[in-house]
Amino acid sequence: MLQLLKKMRSVMHSYGSFGLAAPQVGVPLSIFIVEFSEKIYEEFSPEIRKSREMAIIPFKVFINPELKITNYEKVCFPEACESVRGFSADVPRYREVLVTGLSAEGKPVSWQVSGWAARIVQHEMDHLSGRLYTDIMVRSTFTCTCWDKVNRTGGRIYVPFSPK
Ligand SMILES: [Zn+2]
């Protein structure tokens, strides 16, 4: 198990992402990990951090997690996913949720979160049910994140589908 978690964490780091579910690496287990490091946090502007209610999240593991919605208010912000690489869209998510499960050591854990952390948790929980953000996104906001680069380079770009 520890080996799997280590592997998941290194995959997450290599993509520069901050959440990963086991099915994304071909493992049919109900596990997700989260880590919103200071380095990634710093990549967002103070305005975005504030509006999306971002905060640094240390590495966390949830095994066989369950989700309870604790605030049904929905907030809509852009989301991306390494399983839909190169795109982004606005996605409505509940503002506050409670996630419970087991830690990497097999101990019961619960985490009450709001804002950005609640969004990551809902995104990863969806992966465990075979759902992607594209299933619930605001369709008119679906964007190819490569267009900026395409326009700047006159179309001469290479779009990799492997880690950076
Ligand atoms: Zn994802």
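W111 counts as buried, because its relative accessibility is 14% and the limit for buried is under 20%. This is a predicted model, by the way. F62 is buried as well, with a relative accessible area of 3%. So what do these two rings do? The ring centres of F62 and W111 are 5.8 Å apart and the planes are at 20°, so this pair is stacked. The pair also links distant parts of the chain. F62 is in strand β3, residues 57-79, and W111 is in strand β5, residues 108-114, which puts them 49 residues apart.

How many aromatic pairs are there in the whole structure? The search finds ten. Another of them is F36 with W116, and that one is tilted, at 6.2 Å centre to centre with 55° between the planes. F36 belongs to strand β2, residues 31-36, while W116 belongs to helix α4, residues 115-128, so this pair ties together parts 80 residues apart in sequence. As for burial, F36 has 0% relative accessibility and counts as buried. W116 is buried too, at a relative accessible area of 4%.

F36 and W116 also belong to a cluster: ring pairs link them with F18, Y41 and F44.

Last, charges over rings. Which ring has the charged end of R9 over it? That is F59, with the charged end 4.2 Å from the ring centre. For K74, the charged end sits over the ring of Y94, 4.8 Å from its centre.

That's it from me.

How values were computed: Residues numbered from 1 in each chain as written. Predicted model: local features only at pLDDT ≥ 70, side-chain atom pairs only at ≥ 80, totals over all residues. Heavy atoms only, no water. Phe/Tyr/Trp six-rings, centres within 6.5 Å; stacked < 30°, edge-to-face > 60°. Helix = DSSP H or I, 4+ residues; strand = E, 2+ residues; numbered from the N terminus. Buried < 20%, exposed > 50% of the residue type's maximum accessible area, 1.4 Å probe, protein only. Lys NZ or Arg CZ within 6 Å of the ring centre and 35° of its normal.
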